[in-house]
Amino acid sequence: MSSSQCFENPPKLTPASGAGTVEEFAGLKTYLTGSPDSNLAILLISDIFGFEAPNLRKLADKVAAAGFCVVVPDFFYGDPVDTNNPQFDRESWRKVHNAEKGYEDAKLAIAALKSKGASSIGAAGFCWGGRIVVKLASSCDIKAGVVLHPGRLTIDDIKEVKVPISFLGAEFDHASPPEQLKEFGELLSQNSELDSSVKIFPGVHHGWSVRYNDDDESAVKSAEEAHNDMLNWFTKHVK
């Protein structure tokens, strides 16, 4: 189950935003940005509000500017969470858009990147997307993963991680409490051959890295710090 926090503070969707283009990729409508000739690629997996979120696209452009080809697929097939719809059924939505389906679609996106020449691929996920990244990190499909304010995860999920992974969490988060993320970090650190990191951001809530208010200087600063941490992780491991 996802925390009710996951449904709070939805972004204002502006489909035309971003420096990239929206095209079909691996069978999904996808926001693509950065050099298509780069052999370094990053897959960004959105939270429940989908791939059109403007802050997510700004982040994708920022990652692309560092030399990566970035893809942000619409894993919800045009059906992101709509908190403005009084008839919206959260449970039905979760059943249709489950982590297993997201994982299968993510693997197709990674295969498509490899077929286009990507030799090193990283993945970052937010809330719902964070669970997908952890599943990807249990295989050799990606070189590194970053998980930002993830949805529900278990110790068993973390035990399967095989590639460098970084968790960026919020001080106030019912879906992924700091105590749980620290426990994950302690477990991961037991593997001396696996690079891992856990960082808790003070004063922020679930979703802070992509659902921040542009007019809130403190919120922007915290989000940008998380973005830089994510980018540094990929620069270190996806090469």
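Reader: Why is Asp 195 called partly exposed?

Author: Asp 195 has a relative accessible area of 25%, and the label follows because buried means under 20%, exposed means over 50% and partly exposed is what lies in between (1.4 Å probe, protein chains only). As to where such values come from, this is a predicted model, in which local features need pLDDT of at least 70 and side-chain atom pairs count only at pLDDT 80 or more, while totals for chains, interfaces and linings use all residues. Residues are numbered from 1 along each chain as its sequence is written, and side-chain values use heavy atoms, with hydrogens and water left out.

Reader: How do you know that Asp 195 forms a salt bridge with Lys 236?

Author: The closest N and O atoms of Asp 195 and Lys 236 are 2.8 Å apart, and the pair qualifies because a salt bridge is a side-chain nitrogen of Lys or Arg within 4 Å of a carboxyl oxygen of Asp or Glu. The pair links distant parts of the chain, with Asp 195 in the loop between helix 6 (178-189) and strand 8 and Lys 236 in helix 7, 41 residues apart; helices (H or I, at least four residues) and strands (E, at least two) are DSSP runs, numbered from the N terminus. Lys 236, at 44% relative accessibility, also counts as partly exposed. By this rule for salt bridges, the count comes to eight.

Reader: What makes Asp 47 and Arg 211 a salt bridge, and where in the chain do the two residues lie?

Author: Their closest N and O atoms are 2.6 Å apart, and Asp 47 forms a salt bridge with Arg 211 on that basis.

Reader: Why are Lys 107 and Glu 104 said to be separated by about one helical turn?

Author: They are three residues apart in helix 3 (residues 99-115), which means a separation of about one helical turn. Lys 107 forms a salt bridge with Glu 104, the closest N and O atoms being 3.6 Å apart. Lys 107 has 29% relative accessibility and therefore counts as partly exposed, while Glu 104, with a relative accessible area of 41%, is partly exposed too.

Reader: What makes helix 1 oblique to helix 7?

Author: Helix 1 (residues 54-65) and helix 7 (residues 217-237) pack at an angle of about 40°, with their axes 11 Å apart. That angle makes helix 1 oblique to helix 7, because angles under 35 degrees count as roughly parallel, over 145 as roughly antiparallel, 65 to 115 as roughly perpendicular, and the rest as oblique. The angles run from 0 to 180 degrees between N-to-C directions, and the axes are lines fitted to C-alpha atoms, for helices over the stretch in contact.

Reader: Which residues of helix 1 and helix 7 meet?

Author: Leu 59, Lys 62 and Val 63 in helix 1 meet Glu 224, His 227, Asn 228, Met 230 and Leu 231 in helix 7, where contact means heavy atoms within 4.5 Å.

Reader: How do you know that helix 4 is mostly covered?

Author: Seven of the nine residues of helix 4 (residues 128-136) are buried, namely Trp 128, Gly 129, Gly 130, Ile 132, Val 133, Val 134 and Leu 136. What covers these buried residues includes strand 3, helix 3, strand 5 (120-126), strand 6 (144-148), helix 5 (155-159) and strand 7 (165-172). The axes of helix 3 and helix 4 come within 9 Å and cross at roughly 60°.

Reader: Why does Tyr 103 count as buried, and what is Tyr 103 in contact with?

Author: Tyr 103, found in helix 3, has 14% relative accessibility and therefore counts as buried. Leaving aside neighbours within four places in sequence, Tyr 103 is in contact with Ile 132, Lys 135, Leu 136, Ser 139 and Asp 141.

Reader: What makes the phi of Cys 127 worth a remark?

Author: Cys 127 has a positive phi of about 55° although it is not a glycine. Most residues other than glycine have a negative phi. Cys 127 sits in the loop between strand 5 and helix 4 and, at 2% relative accessibility, counts as buried. Ala 26 has a positive phi as well, near 55°, and Ala 26, at 30% relative accessibility, counts as partly exposed.
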